[in-house]
Amino acid sequence: KGADVLELGCNFGGGALAYYEKYGFKSIIGVDIEDEYISTSNALFKKRQPDAKFTFIKAFAENLPLADNSVDAIVTFDVLEHVASVPDALRECHRILRPGGMMLLSFPSFYHITGHHLYDVSMAPCIHWFLPTRAIVGAYNNLVVKLPGHERDSRPLMKWERLFGLNGMSFRRFRRQLKTMQWTKTERIPLPVGTAGKAAEKMP
């Protein structure tokens, strides 16, 4: 309560609004990489919480346009697996946190049974455990161009990607990277498979 909070990966602003209304933040900053997310988040707050202190900005996690020691807390859910450089993103988050600040993050390991994020073409689990990336990308590109109105054209992977939009981050690799950084204290709370995410919502 009374904290200045950043949501990294604010999407359309619904989460930020829910946090703000439930926990009584002093201010909320939302960051995402799509213009549509930023404009919608700003419009949502103007309509629902016009007197709130809010800012939504387009930026990448690896280069946050915020001053050092400028927020009390950072929340980010299902975002870290999508950034080009997890170490750079974590260093930026550490930089903008005030002394005693806290970052709450959650992300699925790339090796989660649905960690492939191929929901728009298949809900089959473990595809990426058994098929090489090149085969998955080829099949995906052949399928996606046939989907009417699909927002993403077929394309090759970028250098940092293991699959489309995914950096391949595992929990083991994440813990290894944390050890090289300046975080004072870290705590891991594992969730059993099936208790979170799209699969749990569809098949409780």
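These legends describe close-up views of a predicted model.

**View 1. Lining of the second largest pocket.** The second largest pocket holds about 160 Å³ of space. Its lining divides into 10 nonpolar residues, no polar and no charged. S4 (71-77) contributes the most, three residues. Helix H1 (14-23) and strand S5 (97-106) each supply at least two. Among the lining residues are Tyr19, Tyr23, Phe77 and Met102.

**View 2. Aromatic pairs.** The whole structure contains 12 aromatic pairs (ring centres within 6.5 Å; planes under 30 degrees apart are stacked, over 60 edge-to-face, the rest tilted). Phe12 and Tyr37 are edge-to-face, because their centres are 4.7 Å apart and their planes stand at 80 degrees. Phe12 belongs to the loop between strand S1 (4-8) and H1, and Tyr37 to helix H2 (residues 35-48), so the pair ties together parts 25 residues apart in sequence. Phe107 and Phe174 also form an edge-to-face pair, 5.1 Å centre to centre with 70 degrees between the planes. Both Phe107 and Phe174 are buried.

**Notes.** Residues are numbered from 1 along each chain as its sequence is written. Local features need pLDDT of at least 70, side-chain atom pairs count only at pLDDT 80 or more, totals for chains, interfaces and linings use all residues, and side-chain values use heavy atoms, without hydrogens and water.

Conventions: 1 Å grid on protein atoms, 1.4 Å probe; cavity = no way out; pocket = protein on both sides within 12 Å on 5 of 7 lines; lining within 4 Å. Points joined across faces, edges and corners; volume = space filled by probe spheres on them. Helix = DSSP H or I, 4+ residues; strand = E, 2+ residues; numbered from the N terminus. Nonpolar A, V, L, I, M, F, W, Y, C, P; charged D, E, K, R; others polar. Phe/Tyr/Trp six-rings, centres within 6.5 Å; stacked < 30°, edge-to-face > 60°. Buried < 20%, exposed > 50% of the residue type's maximum accessible area, 1.4 Å probe, protein only.
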